[in-house]
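Before reading any description, please take a moment to look over the sequence and the model shown here.

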Amino acid sequence: MTTFRAPSDEAPATSIATPARTCPACGSVVRSKRPETVYCSGKCRLRACRARQRGELEARLGRAEAALAEASAAVAEFHELVERWR
Ligand SMILES: [Zn+2]
């Protein structure tokens with residue numbers, strides 16, 4: 001039987017047999033024997049989740065700023081054209 005697990009974007013693709021894993025958030029040893037456990041504690045899991053959400057938000061803000069700059073340039077160009085057509 002095959003067990004499906006959601007791929008983790010932070011855990012390196014190491015073998016399940018690897019005995020010592022380290023927490024990607026704080027670097028301490030992950031003591032859980034469950035192979036799907038990535039972080040050493042709920043605190044580190046939450047911290048990593050918030051860092052990921054912050055990164056996604058910053059990327060969105062970057063795209064929004066670029067779009068606003070583009071829109072502003074287009075509006076300015078439009079007004080220039082309207083002035084010339086008068
Ligand atoms: Zn940790």
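This is a predicted model: local features need pLDDT of at least 70, side-chain atom pairs count only at pLDDT 80 or more; totals for chains, interfaces and linings use all residues.

Me: In what order do the elements of the protein chain run from the N terminus on?
Reply: The protein chain holds one helix and two strands. Reading from the N terminus, the order of these elements is β-β-α.

Me: What length does helix α1 reach from its first C-alpha to its last?
Reply: Helix α1 takes in residues 42–85, which makes 44 residues. At 1.5 Å a residue, a span of 64 Å is expected, and the helix comes close to that expectation, reaching 64 Å.

Me: How many residues of α1 are buried?
Reply: In the protein chain as a whole, which has 86 residues, 5% count as buried. Helix α1 is itself hardly covered, and the count of buried residues among its 44 residues is zero.

Me: Why is Pro24 classed as partly exposed?
Reply: Pro24 sits in the loop between β1 and β2. A residue needs 20 or more other C-beta atoms within 10 Å to be buried, and 12 or fewer to be exposed. Because Pro24 has 16 such atoms within 10 Å, the residue falls in between and is partly exposed.

Me: Which element of the protein chain has the highest mean pLDDT?
Reply: Over the protein chain the average pLDDT is 87, and 78% of the residues score at least 70. Among the elements, strand β1, residues 21–22, has the lowest mean, at 93, whereas the highest, 97, belongs to α1.

Notes
Residues are numbered from 1 along each chain as its sequence is written. Helices (H or I, at least four residues) and strands (E, at least two) are DSSP runs, numbered from the N terminus. The expected span of a helix is 1.5 Å times one less than its number of residues. pLDDT is the predictor's confidence in each residue, from 0 to 100.
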